[in-house]
Amino acid sequence: RKTTFDFRRNDGEWQRQSRETYDCGNGATILLYSLARRTVVLIRQFRLPTFVNDYHGFLIETPAGLLENASPEARIKAEVQEETGFQVTDVHPVFSAFMSPGSVTERVHFFVAQYQAKSRVSEGGGLQHEGEDIEVLEPTIEAALAMIDSGEICDGKTIMLLQYAALHVFAGVNK
């Protein structure tokens with residue numbers, strides 16, 4: 001959508017501006033973690049926009065999805081089970097953020113939740129009829145943070161949640 005509007009600048013002058021906005025809906029993402037094992041659950045899947053921007057296309061990410069008229073909490077519980085096979089009931093909201101506010105209206109709701117091996121109820125992998133073909137990864141928090149440093153993880157929401165976990169979830173927990 002292209003919008004033209006009048007904007008009052010800091011100096012008091014009015015200026016006519018024109019901007020484009022893209023509305024794809026709001027989303028939610030989650031980082032599953034195990035304190036006892038010092039692991040996190042991530043996924044790897046093909047993302048065409050990264051491929052057409054000179055990247056190999058396979059992104060390592062936290063599970064995520066669009067809200068599609070559900071609450072952020074309800075949507076992330078369903079999404080994490082579809083993508084990873086883990087069923088979680090106790091999810092904790094940590095923050096929400098606009099990921100590309102220069103032109104995209106999407107606000108992403110960020111969650112964390114503990115998991116155990118017994119909470120895996122299926123193989124995950126996403127929904128085939130939606131074209132999803134998802135690999136589930138279970139690195140240690142240290143390995144995941146090293147993947148940020150090496151450039152192997154370059155997804156913004158995933159970097160944000162891994163750094164949150166390093167500062168607030170795993171901080172002070174013995175290695």
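A: Buried means under 20% relative accessible area, exposed is over 50%, and partly exposed is in between (1.4 Å probe, protein chains only). This is a predicted model, where local features need pLDDT of at least 70 and side-chain atom pairs count only at pLDDT 80 or more, while totals for chains, interfaces and linings use all residues. Residues are numbered from 1 along each chain as its sequence is written, and side-chain values use heavy atoms, leaving out hydrogens and water.

Q: OK, which residues touch the most other members of the largest nonpolar core?
A: Leu31, Val40, Leu42, Ile153, Leu162 and Phe170, out of 20 residues in that core. Among the elements that each supply at least two of its residues are strand S4 (39-46) and helix H4 (156-169); strands (E, at least two residues) and helices (H or I, at least four) are DSSP runs, numbered from the N terminus.

Q: And what is valine 40 in contact with, leaving aside its neighbours within four places in sequence?
A: Its partners include Leu31, Tyr115, Ala144, Leu162 and Phe170, with contact meaning heavy atoms within 4.5 Å.

Q: Switching topic: how many disulfides?
A: 0, taking a disulfide as a pair of cysteine sulfur atoms within 2.5 Å. For cysteine 24, the nearest cysteine sulfur is that of cysteine 154, 19 Å away.

Q: Is cysteine 24 buried, exposed or partly exposed?
A: Partly exposed, because its relative accessibility is 43%. Cysteine 154, at 40%, also counts as partly exposed.

How values were computed. Core = buried A, V, L, I, M, F, W, Y, C linked by side-chain atoms within 4.5 Å.
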